Amino acid sequence: MMPSCFFAHGAPSIVLENNAYTELLRDFARGHARPKGIVLFSAHWEESVQSVGVADTFETIYDFGGFQEELYSMTYPAHGDRALGDEVLRLFAENGIKSVSNDKRGLDHGA
């Protein structure tokens, strides 16, 4: 298992930029094996019960406004992993954290 990492995404336009931070992200990706799965926690979604995304393919959510037009046509159709989602749900339950599966919500620009 890879270590847990925190990456701040900043504004949606970061995907169009070339600077020290975007180079750090590229270097991180080059220096690590491609993971079999990613568990993402986002402050963009607040609910009274923890929701775990289990979609087959996650759609892109455009939860921003006023940025470059090309950002609104970019997509990242990430494939879900039901077994990984079920494992997260199991671990939450095992540790007393209420949670539900969600096969509807997509991923925002930060993901």
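In which segment is Ser13 found? Ser13 lies in the segment before α1 (20–30).

## Basis

This is a predicted model, in which local features need pLDDT of at least 70 and side-chain atom pairs count only at pLDDT 80 or more, while totals for chains, interfaces and linings use all residues. Residues are numbered from 1 along each chain as its sequence is written, and side-chain values use heavy atoms, with hydrogens and water left out.

## Overall fold

The protein chain has two helices and four strands, in the order α-β-β-α-β-β from the N terminus. Helices (H or I, at least four residues) and strands (E, at least two) are DSSP runs, numbered from the N terminus.

Along the principal axes, the C-alpha atoms fill a box of roughly 45 × 30 × 20 Å. Of the 111 residues, 18% are buried; buried means under 20% relative accessible area, exposed over 50%, and partly exposed in between (1.4 Å probe, protein chains only). Among contacts (heavy atoms within 4.5 Å) with a separation of 6 or more, 68% join residues 24 or more positions apart.

## Ser13

Ser13 is buried, with a relative accessible area of 9%. Leaving aside neighbours within four places in sequence, Ser13 is in contact with Phe67, Gln68 and Leu71.

The side chain of Ser13 also makes a polar contact with the side chain of Glu17, at 3.4 Å. A polar contact is a pair of N or O atoms within 3.5 Å; within protein, one must be able to donate a hydrogen and the other to accept it, and residues adjacent in sequence count only if both atoms are side-chain atoms.

## Helix α2

In α2, Gly85, Val88, Leu89 and Phe92 are buried. Seen down the axis of α2, the buried residues fall within an arc of 100°, so they line one face of the helix; the arc is that of the directions from the helix axis to the C-beta atoms. These buried residues pack against β1 (50–53) and β3 (99–102), whereas the face turned away from the buried side carries the exposed residues Ala83 and Glu94.

At the N-terminal end, Asp81 caps α2, with a side-chain oxygen 3.1 Å from the backbone nitrogen of Ala83. Gly96 follows α2 and has a positive phi, near 75°.

## Asp108

Asp108 is in strand β4 (residues 107–108). Not counting residues up to four places away in sequence, Asp108 touches Ser42, His44, Trp45, Ile61 and Asp63.
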